[in-house]
Amino acid sequence: MIKIFIFGITGKMGKSILNYLKLNKNFILLGGVSKKNFFKLFKNKYNFIFLSMYKNSIFLDFSNYILIKKILFLSQKFSIPLIIGTTGLDSLILNFIFYISKKIPILLSYNMSIGLNILNLIFININFYLKIYNFQSFIIDIHHDQKIDSPSGTSLILFSKIKNFNKQIFSARIKSVIGNHIVYLISNEEIIKIEHIVLNRVIFIIGIFFSILWLLNKNNGLYSMYDIYFKC
């Protein structure tokens with residue numbers, strides 16, 4: 001039985017994870033907190049929970065970037081592997097995550113879908129040609145209107161994988177769109193359009209629980225979905 005604690009339990013991803021846990025008896029939820037009741041974490045009740053997670057356990061973080069330092073502190077203190085799906089992290093936080101990953105296994109990913117990570121792999125392999133044939137790149141990032149960060153973490157990942165200098169991101173927040181990313185590669189003579197659309201959050205849940213099983217067997221270090229999907 002794998003024990004789970006969720007940071008951001010009342011958010012969209014937190015609720016989706018809860019729905020999956022109800023259907024799978026191989027995992028047990030020991031607790032969770034939202035941004036609003038995060039302060040309760042430092043009460044004795046939660047210390048007891050974390051002490052019981054000394055093996056075969058994992059933290060899932062889909063909360064808010066302002067909480068990540070405290071979550072990393074707890075993960076290190078109780079030696080609990082951590083999966084981070086929270087977006088909006090700046091370079092200082094990313095450096096701190098890397099530092100803590102020397103002491104515990106951490107998986108950091110802004111998008112755990114198979115399709116988006118295949119898309120990342122495509123760009124890694126075509127960058128040379130985008131440069132020599134002078135393609136300009138535009139990323140359009142569309143999400144639901146409750147999403148806080150703009151541009152999204154996913155679009156920033158795509159942005160980082162495309163290495164040509166002429167690239168921009170345009171973001172829009174529209175009603176209930178789960179996630180839609182469109183990449184335009186434009187030269188003077190032609191346009192290539194690549195689009196990734198999330199139809200159901202189930203694809204994220206598949207990635208999350210696959211990641212849990214994978215991370216539990218790993219040494220200390222910072223990992224990505226590339227390590228899971230493509231390093232066989």
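I took a salt bridge to be a side-chain nitrogen of Lys or Arg within 4 Å of a carboxyl oxygen of Asp or Glu. The model is predicted, so I kept to its limits: local features need pLDDT of at least 70, side-chain atom pairs count only at pLDDT 80 or more, and totals for chains, interfaces and linings use all residues. Residues are numbered from 1 along each chain as its sequence is written, and side-chain values use heavy atoms, with hydrogens and water left out.

**Entry 1: salt bridges**

How many salt bridges does the rule give? I got three.

I started with aspartate 149, which forms one with lysine 147; their closest N and O atoms are 3.2 Å apart. For burial I used relative accessible area: buried is under 20%, exposed is over 50%, and partly exposed is in between (1.4 Å probe, protein chains only). Aspartate 149 counts as buried because its relative accessibility is 14%.

Next I looked at lysine 231 and aspartate 227, again with closest N and O atoms 3.2 Å apart. Lysine 231 is exposed at 52%, whereas aspartate 227 is buried at 12%.

Then came aspartate 141 and arginine 173, whose side chains meet at 3.1 Å, N to O. This pair links distant parts of the chain, since aspartate 141 is in strand 6 and arginine 173 in strand 7, 32 residues apart. I found aspartate 141 buried at 0% and arginine 173 partly exposed at 23%.

**Entry 2**

My helices (H or I, at least four residues) and strands (E, at least two) are DSSP runs, numbered from the N terminus. Two strands pair if DSSP finds at least two bridges between them.

I traced an open sheet of four strands in the order 7-6-8-9, with mixed pairing. Axes here are lines fitted to C-alpha atoms, for helices over the stretch in contact, and angles run from 0 to 180 degrees between N-to-C directions.

Helix 6 (residues 153–161) packs on this sheet and touches strand 6, strand 7 and strand 8, its direction making about 170 degrees with that of strand 7. Contact means heavy atoms within 4.5 Å.

I then followed strand 6 (residues 136–143) to its partners. Strand 6 runs antiparallel to strand 8 (residues 179–186), with seven bridges joining them. Isoleucine 139 has valine 183 as its bridge partner there, and glutamine 136 stands opposite isoleucine 186. With strand 7 the pairing is parallel, over seven bridges; phenylalanine 138 stands opposite glutamine 168 on that side. Is strand 6 mostly covered or mostly exposed? I found it mostly covered, with six of its eight residues buried.

**Entry 2: glycine 221**

I found glycine 221 in strand 10 (residues 221–223). At 13% relative accessibility, glycine 221 counts as buried. Leaving aside neighbours within four places in sequence, glycine 221 is in contact with Ser101, Ile104, Pro105 and Ile106. I also checked isoleucine 100: its C-alpha is 8.4 Å from that of glycine 221, although 121 residues separate the two in sequence.

**Entry 3: isoleucine 132**

Last, I placed isoleucine 132 in helix 5 (residues 114–132). Isoleucine 132 is partly exposed, with a relative accessible area of 44%.
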